[in-house]
Amino acid sequence: MLPELYLLGSAMVVLLLGMVVDARWIHRLSAISMGVVVVLSWWSGVAHHVAEDVHLFSGLVLHTQYTCVSRIFVGIAGFVVSLLFLCAKREVRYEFSVVMLFAALGAMTLVQAGHFLSLYISLELNSLSSCVLVCFNRGSERASESALKFFILSALSSCIMLYGISLVYGYSTGLECGVMREILEGRASLGATLGCAFILVGVLFKLAVAPFHMWAVDTYHGSPMAAMAFFFIVTKSTAILLLARIIGENGILQQSILFGIIFVSGLSAIIGELGALRQSNIKRLLAYSNIGQLGYVLPVVALHGTSSCVISHYVLTSLVINAWIFSVLLRYDDEGFELADLAGMYRNNPFVAFSLVTSMISTAGFPPFVGCWPKYFLLKSIVMSDIPAVVAFPYVLFACAVGAVPCFYCFRIARVVYFDQPARGAEHPALPRRLGLTAVAVVCTLLSVAALFLAQYFDILFQGLVWVLVGHT
Amino acid sequence: MALSATVIGALLGLGTQMYSNALRKLPYMRHPWEHVIGMGLGAVFVNQLVKWDAQLQQDLDKMLEKAKAANERRYFDEDDD
């Protein structure tokens with residue numbers, strides 16, 4: 001728990017220091033703190049590796065290989081977001097960095113929670129901090145509207161999750177997350193299964209999976225760009241890793257829950273991709289695209305849980321691609337931009353135009369861009385799994401068909417950037433020079449090129465990565 | 001132990017006084033005698049805290065011994081039929 005204690009302490013110290021020190025120093029300190037947290041997480045995993053799972057604080061915290069690696073991934077995601085925010089040089093109050101640290105703390109404790117109580121407290125810490133991040137622009141009506149929507153629907157999902165926890169407790173007399181294994185393997189009563197379904201609904205809400213996605217688009221549209229980066233990079237990774245851990249290493253064997261998750265995944269894919277087609281604002285387009293991508297990863301999480309490294313591959317690739325996208329978007333103001341405003345961008349800002357187009361096409365998952373490999377491995381996992389072929393093959397065909405939809409809006413962006421002429425007298429303005437964001441974009445480009453060639457060896461590389469991160473496999 | 005507690009307490013008191021000045025937008029070392037008083041109070045506070053923690057540990061050990069003895073009397077002595 002050393003990294004979490006350090007993060008809590010640094011958040012408190014930064015909160016106090018912010019009253020007397022310039023906000024830019026607070027943003028720098030916050031980024032440094034997140035970096036130190038990543039190093040401490042790695043050191044903690046290596047120095048305290050154990051052969052078996054360890055339950056700390058009477059089972060409230062799990063110390064396993066999976067939770068150690070997840071904690072490091074979430075720490076890296078938090079550090080990347082802090083770095084992006086620092087490089088964007090936004091003129092915001094210092095409390096933004098502090099609240100981001102608290103949200104990251106909630107995320108890190110969430111992936112290690114071994115008990116429903118610690119899980120719920122961590123979830124609420126993350127959610128309420130996120131709500132503050134969304135409404136940080138106090139003068140904006142859109143931000144206030146977004147925060148209100150997010151808060152009300154988040155509270156509703158928390159109520160549903162608590163009800164599910166109470167049902168599970170009533171039917172199993174235990175609040176440890178391990179009781180879910182029995183339910184997900186189909187060896188529990190109907191009441192416990194219903195409770196489990198409610199708990200999964202709460203987690204799916206956080207992921208913005210259809211039909212629980214209503215809050216996501218408006219919330220992302222109204223939130224500051226850095227907050228949106230936090231949701232895309234940290235919150236999404238955390239929720240996927242948490243869901244995989246709740247499901248466990250055997251996957252879901254209870255067919256009613258499994259097919260329910262496959263159904264909502266398909267719904268997400270079609271709602272997300274078709275919804276993105278109609279959008280002209282980049283933030284809303286990305287929000288729908290994010291919802292659509294969940295249609296690929298959720299079935300694999302449900303089928304394989306923590307036993308598949310394909311999910312880690314997706315999380316890491318998604319982190320790189322989203323960092324790449326936001327290295328461009330953070331140069332714009334918080335309202336984002338309309339796609340028509342991109343006309344002629346390549347003349348004034350050629351590297352930014354290149355980054356935007358390639359990162360968007362990577363998001364869509366078209367070969368040979370880096371996003372194609374995770375999609376390929378995810379769909380391959382679905383085909384190779386134990387579910388009946390009459391379910392697996394139609395779903396994969398459906399996913400491939402829906403996967404062609406992003407080409408319309410991703411290549412539309414490329415067309416507007418490179419081929420459309422701006423209106424007379426309305427050239428695309430030169431973007432502010434942000435060396436840090438350019439450096440992040442360059443690093444993401446290099447990582448993407450490397451990932452293209454190394455993706456097929458990900459199994460072996462991931463084993464090596466786990467050995468480096470936690471000192472054993 | 002006493003030296004480290006005194007040093008830490010003095011630094012804590014000094015930092016608190018400097019922070020108090022900073023909050024009021026005063027120079028950090030304004031009225032330096034207040035810093036000396038703060039260091040003294042901080043050193044006393046931390047030393048008392050260390051003593052209180054040691055006393056607490058002793059009290060806890062005594063309570064655990066009493067509970068263990070009571071459990072042994074209740075469960076082990078009843079076996080002697």
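Analyst: Happy to. Helices here are DSSP runs of H or I with at least four residues, strands are runs of E with at least two, and both are numbered from the N terminus. By that numbering, His31(B) is in the loop between helix H1 (2–23) and helix H2 (32–76) of chain B. Keep in mind that the model is predicted, so local features need pLDDT of at least 70 and side-chain atom pairs count only at pLDDT 80 or more, while totals for chains, interfaces and linings use all residues. Residues are numbered from 1 along each chain as its sequence is written, chains are lettered from A and ligands numbered from 1 in the order written, and side-chain values use heavy atoms, with hydrogens and water left out.

User: What makes His31(B) count as partly exposed?

Analyst: Buried means under 20% relative accessible area, exposed means over 50%, and partly exposed is in between (1.4 Å probe, protein chains only). His31(B) comes in at 33%, so it falls in the middle class. Its phi is positive too, about 50 degrees, although it is not a glycine.

User: And why does Phe57(A) count as exposed?

Analyst: Phe57(A) has 54% relative accessibility, so it passes the cut-off. It's in the loop between strand S1 (54–56) and strand S2 (61–63) of chain A, and again phi is positive, about 55 degrees, in a residue that is not a glycine. Most residues other than glycine have a negative phi.

User: Why is Val38(A) called buried?

Analyst: Its relative accessible area is 16%, so Val38(A) is on the buried side. Val38(A) is in helix H2 (residues 23–47) of chain A. Leaving out residues up to four places away in sequence, it touches Gly75(A), Ile76(A) and Phe79(A), where contact means heavy atoms within 4.5 Å.

User: How do you know that the pair of Phe351(A) and Phe354(A) is tilted?

Analyst: Rings of Phe, Tyr and Trp (its six-membered ring) pair if their centres lie within 6.5 Å; planes under 30 degrees apart are stacked, over 60 edge-to-face, and the rest tilted. That rule gives 17 aromatic pairs over all chains. For Phe351(A) and Phe354(A), the centres are 6.4 Å apart and the planes at 35 degrees, so the pair is tilted. These two are three residues apart in helix H15 (residues 350–364) of chain A, so about one helical turn separates them.

User: What makes Trp215(A) and Tyr220(A) edge-to-face?

Analyst: The angle does: 70 degrees between the planes, with 6.0 Å centre to centre. Trp215(A) and Tyr220(A) are both buried, and they belong to one aromatic cluster whose members include Phe150(A) and Phe326(A).

User: How do you know that the charged end of Arg93(A) sits over the ring of Phe136(A)?

Analyst: The rule wants NZ of Lys or CZ of Arg within 6 Å of the ring centre and within 35 degrees of the ring normal. The charged end of Arg93(A) is 4.5 Å from the centre of the Phe136(A) ring. Likewise, the charged end of Arg28(A) sits over the ring of Trp25(A), 4.7 Å from its centre.

User: What joins Ala210(A) and Pro211(A)?

Analyst: A cis peptide bond, with omega about 0 degrees. Pro211(A) is in the loop between helix H8 (190–207) and helix H9 (214–222) of chain A. Another cis bond joins Pro367(A) and Pro368(A), also with omega about 0 degrees. Most peptide bonds are trans.
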